Amino acid sequence: MKVKNLKELRKFIEKSINNALENEVFETVKETEFEHIQDDVLSVYSPNYYIRRDDFGIDDPENIICPPVKNGVLKVENITQFNPGYETKNHGLGLVKLIEYGHRASGYFYDYPGDPKYTESRPFIANTKEEIRETKSHVKAIKAGLERNKIKSE
C-alpha cells in the first residue's frame with residue numbers, strides 16, 4: 001500500500017491494529033477463556049440439582065463476544081445469562097460474576113443447596129488474564145494479525 005503522508009500512514013496502522021485485535025487477539029483470548037471454563041468451572045464438579053445447558057451455557061463459545069474495537073482497545077465479554085428455565089431469583093447477565101467471585105461476593109447467590117465446590121469462587125476470567133499475561137499469547141496474536149495486514153513487526 002502506498003501512503004501519501006503521515007496521516008494516511010497513521011490511519012492505516014490504527015485500522016490494522018484494530019483489525020488484528022478483533023480477529024487474532026480476540027480468538028486467542030476466546031480460546032484461552034474457553035479452556036479455563038472447561039478446567040476451572042465445569043471439571044470441578046458434576047451438578048446434582050440441575051442439568052448443564054447444551055446451548056447458551058457458560059461453555060457456549062457464542063457467549064464470548066468482542067464488541068467493535070475502538071482506539072486500539074479490545075474488550076472481551078462473556079454474556080452468559082442465568083438459565084431462565086430454573087426457578088431462581090437470579091436473572092440476566094450475573095451468572096459469570098457468580099461463578100467468577102462465588103456465592104454472594106458479587107451480589108448474586110446460589111439459591112439451591114450447594115456444595116462448596118461450586119459455591120466458592122471459580123475465577124476462570126482472572127485465570128484467563130493471568131495465562132495470557134504469562135504466555136504473552138496476545139503479543140504473538142497481534143504480530144500475526146499485523147503480518148496478515150502486511151505490517152512487519154518485531
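Predicted model: local features only at pLDDT ≥ 70, side-chain atom pairs only at ≥ 80, totals over all residues.
**Ground rules.** I number residues from 1 along each chain as its sequence is written, and side-chain values use heavy atoms, with hydrogens and water left out. Local features need pLDDT of at least 70 and side-chain atom pairs count only at pLDDT 80 or more, while totals for chains, interfaces and linings use all residues.

**Rings.** I looked for aromatic pairs (ring centres of Phe, Tyr or Trp, the last by its six-membered ring, within 6.5 Å; planes under 30 degrees apart are stacked, over 60 edge-to-face, the rest tilted). The structure holds one. Phe82 and Tyr108 form this tilted pair, at 5.6 Å centre to centre and 45° between the planes. Phe82 is in the loop between strand S2 (77-78) and helix H2 (95-101), and Tyr108 in the loop between H2 and helix H3 (116-119), so the pair ties together parts 26 residues apart in sequence. Helices (H or I, at least four residues) and strands (E, at least two) are DSSP runs, numbered from the N terminus.

I then checked accessibility (buried is under 20% relative accessible area, exposed over 50%, partly exposed in between; 1.4 Å probe, protein chains only). Phe82 is buried at 8%, and Tyr108 is partly exposed at 23%.

I also looked for a charge over a ring (NZ of Lys or CZ of Arg within 6 Å of the ring centre and within 35 degrees of the ring normal). Arg52 lies over the face of Tyr45, 4.9 Å from the ring centre.

**Helix H5.** Twelve residues should span 16 Å, and the end C-alpha atoms are 17 Å apart, which agrees. Ser137, Ala141, Gly145 and Leu146 are buried in H5. Their cover includes helix H1 (6-41) and helix H4 (124-135).

I used a 1 Å grid over the protein atoms alone: in a cavity a 1.4 Å probe fits but cannot get out, a pocket is an open set with protein on both sides within 12 Å along at least five of seven lines, and lining residues have an atom within 4 Å of a point.

The largest pocket holds about 650 Å³. It has 25 lining residues, and those closest to its centre are Glu33, Val76, Glu77, Ile125 and Lys129. H4 gives the most to this lining, with six residues.

Methods
Expected span 1.5 Å × (residues − 1). Contact = heavy atoms within 4.5 Å. Points joined across faces, edges and corners; volume = space filled by probe spheres on them.
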